[in-house]
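Q: Can we go through the charged side-chain pairs in this one? I'd like to know where they sit.
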Amino acid sequence: MLWVRIWGGQVPIGYSRGPVATFDMFGASWKLYEGQNPASGVTVRSMLVDENYDGVFQGDLKEWLNAMVEKGYISDDEYVTVGNAGTEIFYGKATMEATVALDIN
């Protein structure tokens with residue numbers, strides 16, 4: 001997961017153990033967190049930007065995937081089969097107005 005904004009106290013799986021790696025990309029510094037989803041047993045890796053993006057995030061996710069390969073978190077023979085974008089509302093009432101454009105080639 002690539003988190004471009006964080007607020008309200010929501011944090012990714014593995015956050016309590018601290019970051020396992022740092023990255024500089026998309027004009028920002030990022031920290032990688034890793035942990036196991038207790039419901040599925042799947043290892044989840046989440047990158048959090050050090051300073052929230054305001055406005056528009058633009059970036060080639062292949063740069064992120066290449067960096068993950070270089071640091072050994074994924075293999076260069078793995079494939080992206082699904083792309084998603086969104087948010088998680090975790091308390092209260094919320095209205096979200098957003099436009100998402102995701103193109104996977």
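Q: Is Asp54 buried or exposed?
A: This is a predicted model. In it, Asp54 is exposed, with a relative accessible area of 63%.
Q: Which side chain does Asp54 meet in a salt bridge?
A: That of Arg5, at 2.8 Å from N to O.
Q: Switching topic, how many salt bridges does the count come to?
A: The count is 3.
Q: What does Lys31 pair with?
A: Lys31 and Asp50 meet through their side chains in a salt bridge, 2.9 Å from N to O. Distant parts of the chain are linked here: Lys31 is in strand β3 (residues 28–36), Asp50 is in the loop between β4 and α1, and they are 19 residues apart.
Q: How exposed is Asp50, and what about Lys31?
A: Asp50 is partly exposed at 38% relative accessible area. Lys31 is partly exposed too, at 26%.
Q: Where does Arg45 lie, and where is Glu34?
A: The side chains of Arg45 and Glu34 form a salt bridge at 2.6 Å, N to O. Arg45 belongs to strand β4 and Glu34 to strand β3, so this pair ties together parts 11 residues apart in sequence.
Q: What is the relative accessibility of Arg45, and of Glu34?
A: Arg45 has 27% and counts as partly exposed. Glu34, at 23%, also counts as partly exposed.

Methods: Residues numbered from 1 in each chain as written. Predicted model: local features only at pLDDT ≥ 70, side-chain atom pairs only at ≥ 80, totals over all residues. Heavy atoms only, no water. Salt bridge = Lys/Arg side-chain N within 4 Å of Asp/Glu carboxyl O. Buried < 20%, exposed > 50% of the residue type's maximum accessible area, 1.4 Å probe, protein only. Helix = DSSP H or I, 4+ residues; strand = E, 2+ residues; numbered from the N terminus.
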